[in-house]
Amino acid sequence: METARVLVAADKFKGSLTAVQVAERVTAGLRRVVPDVGVETLPVADGGDGTVAAAVAAGFERREARVTGPLGDPVTAAYALRGTTAVVEMAEASGLQHLPAGTFAPLTATTYGSGELLAAALDAGARTIVFGVGGSATTDGGAGMLAALGARFLDADGKPVGPGGGGLADLAEADLSGLDPRVADVDLVLASDVDNPLTGPKGAPEVYGRQKGATEEDIATLDAALAHYASVLGPEQAALPGAGAAGGIGYGALVALGARFRPGIEVMLDVLGFAPALARATLVITGEGSLDEQTLHGKAPAGVAAAARAAGIEVVAVCGRLALPPEALTAAGISRAYALTDLEPDPAVSMAQAGPLLERASEALARDFLL
């Protein structure tokens, strides 16, 4: 019998294992059962946090820049570069991970650093920028990002409005004439697993504001401020899919930077070279921390499974916890899923012991699919 060739294309297990560590543990478990199995690893991400790490694992060079964090303090942010293609992750500059524990600034957190990070990629010679948006601490419609790239947002007295979404309530004039001219010559791809509009019941403040510390009053304030901002800058783009991504930074990129929106996992599979790796495989293993209803809406495992199914290659999944019935897995193109909570029902222990448990789950997977 021909030796199986396994492609491990899984996302991170958030809070316990990076995508690279997931691939290492799965490989170790498989080889314990089938020592000579051929394994290729391709850590994946869907545009959210972990996207730069996935690009670096695929051979991009990691670069760093000092930029303005969401609260206005300097932070170190990484991006990835290969040739003239850059992968920029807004969360690196403006993400929740830059907020001290228990500290939120829903009305004033800024995406200024994300604009500085895009400028750093332009300085490095990028002509194509994959802009992964997700995990933001911000709800400013990308105004901070655009300001860092040369736009001016002025109140009725001609003074710059305050930082964050709250300040946009005072916006009287948006002057984009000073935008970095290099932006017009770059192919900017907005990569996100979120297709929400900017405002309204499915908009950025209502759907994502609470996780950034916004009260009900803050949400109403932000929604009104972003609607006003869009009325000044361009209301048509506010309804586009992805406009509401990462606190509305998607809108700023679409309306002023000429970005085009694509589902994050599709973009990343292209950038990471998934198609040629898939062509070499006889079995694909994907996964993420929680396989649940959200997974089916553009998360990495769903994108991997869809591409593999189209190529006629079987897909199995590993996960921390499984919250999908077998028929939902089958519909997504996944034959079976192996959850760590099946081995260790206590979620806290399961997360703390994720590495060894994932090796055990992968041994079971190997016995079922490789022997």
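## Strands S1 and S2

Two strands pair if DSSP finds at least two bridges between them. This model is predicted, and its strands S1 and S2 pass that test with four bridges. S1 covers residues 5-8 and S2 covers residues 38-41. The two strands run parallel.

How does the chain get from S1 to S2? It passes through helix H1, residues 19-33. This β-α-β crossover is right-handed.

## The parallel sheet

S1 and S2 belong to an open sheet of five strands. The order is S2-S1-S11-S12-S13, and the pairing is parallel. Which strands stand at the edges? They are S2 and S13, and each pairs on one side only. S13 spans residues 336-339. From one strand to the next, the twist averages 25°.

Inside this sheet, S11 (residues 283-291) pairs with S12 (residues 314-322). Eight bridges join them in the parallel sense. Glu288 stands opposite Cys319 in S12. H1 packs on it and touches S1, S2, S11 and S12. The direction of H1 makes about 175° with that of S2. H15 also packs on the sheet, touching S11, S12 and S13. The direction of H15 makes about 150° with that of S13.

## The mixed sheet

Another open sheet has six strands, in the order S3-S4-S5-S6-S9-S10. Its pairing is mixed. S3 (61-68) and S10 (260-263) stand at the edges. Each has a single partner strand, so one side of each is left without a neighbour in the sheet. The twist here averages 30° from one strand to the next.

Look at S6 (residues 128-132) and S9 (residues 187-192). They run parallel and are joined by five bridges. Gly132 has Ala191 in S9 as its bridge partner.

## Helices across the mixed sheet

Helix H4, residues 112-123, lies across S3, S4, S5, S6 and S9. It runs at about 140° to S3. Helix H10, residues 264-272, lies across S4, S5, S6, S9 and S10. H10 runs at about 85° to S10.

How many of the residues of H10 are buried? Seven of its nine are, and the helix is mostly covered. The buried residues are Gly264, Ile265, Val267, Met268, Leu269, Val271 and Leu272. Just after H10 comes Gly273, with a positive phi of about 80°.

## The nonpolar cores

The largest nonpolar core has 53 residues. Which residues have the most contacts inside it? They are Ile129, Phe131, Tyr229 and Leu257. Helix H9 (residues 245-256) gives the most to this core, with eight residues.

Leaving out residues up to four places away in sequence, Phe131 touches Val88, Met90, Ser114, Leu118, Met145, Leu188, Val189, Leu190, Ala191 and Ile249.

## Helices H8 and H9

Two packed helices are described by the angle between their axes and the distance between the axes. For H8 (residues 216-233) and H9, the angle is about 5° and the axes are 12 Å apart. That makes H8 roughly parallel to H9, because angles under 35 degrees count as roughly parallel.

Which residues meet where H8 and H9 pack? Tyr229, Ala230 and Leu233 in H8 meet Tyr251, Gly252 and Val255 in H9.

Is Glu359 buried or exposed? Glu359 sits in helix H15, residues 354-369. Its relative accessible area is 12%. Buried means under 20%, so Glu359 is buried. Not counting residues up to four places away in sequence, Glu359 touches Arg25, Ala28, Gly29 and Arg32.

Now take Thr330, in helix H13 (residues 326-332). Its relative accessible area is 53%. The cut-off for exposed is over 50%, so Thr330 is exposed. Thr330 and Val315 are 15 residues apart along the chain. Their C-alpha atoms are separated by 9.9 Å.

Conventions: Residues numbered from 1 in each chain as written. Predicted model: local features only at pLDDT ≥ 70, side-chain atom pairs only at ≥ 80, totals over all residues. Heavy atoms only, no water. Right-handed = clockwise from strand over helix to strand, strands pointing away. Axes fitted to C-alpha atoms, helices over the stretch in contact; angles between N-to-C directions. Contact = heavy atoms within 4.5 Å. Buried < 20%, exposed > 50% of the residue type's maximum accessible area, 1.4 Å probe, protein only. Core = buried A, V, L, I, M, F, W, Y, C linked by side-chain atoms within 4.5 Å. Parallel < 35°, antiparallel > 145°, perpendicular 65-115°, else oblique.
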